[in-house]
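What follows is a short walk through one protein model.

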Amino acid sequence: MDNAIYIVFSTTPTGMGWLIRKATRNRYNHVSISLSRDMDTMYTFARIHRRIPLYGGFVAESNLRYQTLAGAAHVKICRLEVTQQQLACLHDQLEQMWNKRDEYIYNTLAAAASLVHLRPAIFKAHTCVTFVQALLAQYNLAEVCESDPPTVRALESRLAPWTIYKGPIPACTSDWGKDIYPSETTARYAVYTTARHFGRLALRVLAGGII
């Protein structure tokens, strides 16, 4: 059994990904975590549907997200060894989050604030970076702290010693699995989900404030 987890930094082949890279001047704009070497499934916070860029939450990404449309994305993969108990706990934790995925939303406010290294925390809301940082800090891996700068560049620098691969994402699967990213959506659905997303975000800020 491979007692390790894999942190995947990627250049997502989307217009939003391109804008983020231009704004941050960093090669990679996204980060995910996989519990298996084949990376068939990667967990993160990201957009849920391909055509609705501002509606996001907790997702179980198929690596097909990075092999379609604009070609294969470039990735940097870091391998962190964990104990069998840590791996089992991580698996259970991610499964529990997946089963309650509608409770989790993308922290759009934190994504914007990360450009100036601020970290507004909102209940059950993350960016891809704060999510991975929180997991690594929780399991005391790679000396990652939740107080680290909430940027892909900072996390990438922290994990540099554990890099095992850089290049086009390996073609691993032909199955979208749990990932509904390519599903067709209507304009009405896009407006509804985007409005609902920002409404939920605002309500959480008003109810609990920004941590």
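**A covered strand**

In this predicted model, strand β2 is covered on both of its faces: H30, S32 and S34 are buried on one side, and V31 and I33 are buried on the other. In a regular strand the side chains alternate between the two faces of the sheet. Five of the five residues of β2, which runs over residues 30-34, are buried, so the strand is largely enclosed by the rest of the structure. Buried here means under 20% relative accessible area.

The view can now be widened to the protein chain. Six helices and eight strands are found in the chain, and along the sequence they follow the pattern β-α-β-β-β-β-α-β-α-β-α-α-β-α. Of the contacts with a separation of 6 or more, 70% join residues 24 or more positions apart.

How does the overall size fit the chain length? A compact globule of 211 residues would have a radius of gyration near 17 Å, and the protein chain, with 16 Å, agrees with this. Its C-alpha trace spans about 45 × 35 × 35 Å along the principal axes.

Of the 211 residues, 48% count as buried. The accessible surface of the chain comes to about 10700 Å², and carbon and sulfur atoms hold 56% of that area. As for charge, there are 23 positive and 16 negative side chains, and the centres of the two sets lie 9 Å apart.

Note on methods:
Residues are numbered from 1 along each chain as its sequence is written. This is a predicted model: local features need pLDDT of at least 70, side-chain atom pairs count only at pLDDT 80 or more; totals for chains, interfaces and linings use all residues. Side-chain values use heavy atoms; hydrogens and water are left out. Buried means under 20% relative accessible area, exposed over 50%, partly exposed in between (1.4 Å probe, protein chains only). Helices (H or I, at least four residues) and strands (E, at least two) are DSSP runs, numbered from the N terminus. The radius of gyration is taken over C-alpha atoms; the globule rule is 2.2 Å times the number of residues to the power 0.38. Contact means heavy atoms within 4.5 Å. Accessible areas come from the Shrake-Rupley method with a 1.4 Å probe; for residues, only the protein chains shown count as cover. Lys and Arg count as positive and Asp and Glu as negative; His and the chain ends are not counted. The place of a charge is taken as NZ of Lys, CZ of Arg, CG of Asp or CD of Glu.
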